[in-house]
Amino acid sequence: INAPHSNAWSWVRNSFIKNSLSALSAGPGRYNNPGELLVGRGLLTADEEATQFALWAVAKAPLLYSANITDMSFASQDILFNAKLIAINQEPLNKQA
């Protein structure tokens with residue numbers, strides 16, 4: 001994880017701001033990457049986790065996750081398995097919001 005533990009939310013915010021500068025570059029077959037999802041890693045509050053996942057979904061970022069899902073809270077699992085946000089992320093035109 002590239003985000004320092006004590007400054008994880010600041011890292012999320014700055015990554016998303018930087019990612020938004022290239023929003024027009026996203027499209028079919030072209031994806032922006034605002035960074036690593038920190039959901040379920042104990043670095044963010046529940047509200048911050050939900051916000052990060054929503055921002056990543058509308059950014060059309062690839063939803064790649066490498067942590068052990070069985071070790072995270074049910075609240076974090078619910079965030080990662082949010083079908084509505086995943087549907088927004090997977091919409092075929094891949095236009096970043």
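Rings of Phe, Tyr and Trp (for Trp, its six-membered ring) count as a pair if their centres lie within 6.5 Å, and such a pair is called stacked with planes under 30 degrees apart, edge-to-face over 60 and tilted for the rest. By this rule, a search of the whole structure finds one aromatic pair. The model is predicted, so that local features need pLDDT of at least 70 and side-chain atom pairs count only at pLDDT 80 or more, while totals for chains, interfaces and linings use all residues. Residues are numbered from 1 along each chain as its sequence is written, and side-chain values use heavy atoms, with hydrogens and water left out.

A nonpolar core is a set of buried Ala, Val, Leu, Ile, Met, Phe, Trp, Tyr and Cys residues joined through side-chain atoms within 4.5 Å, where buried means under 20% relative accessible area, exposed over 50% and partly exposed in between, for a 1.4 Å probe and protein chains only. The largest such core has 18 residues, of which Val 12, Leu 38, Phe 53 and Trp 56 touch the most other members. Two or more residues each come from α1 (8-20), α2 (46-58) and α3 (74-80), these helices being DSSP runs of H or I with at least four residues, numbered from the N terminus.

Leaving aside neighbours within four places in sequence, Trp 56 has contacts (heavy atoms within 4.5 Å) that include Val 12, Phe 16, Pro 34 and Asn 89.

Ser 25 lies in the loop between α1 and α2 and is partly exposed, with a relative accessible area of 42%. Beyond four places in sequence, Ser 25 touches Arg 30 and Asn 32.
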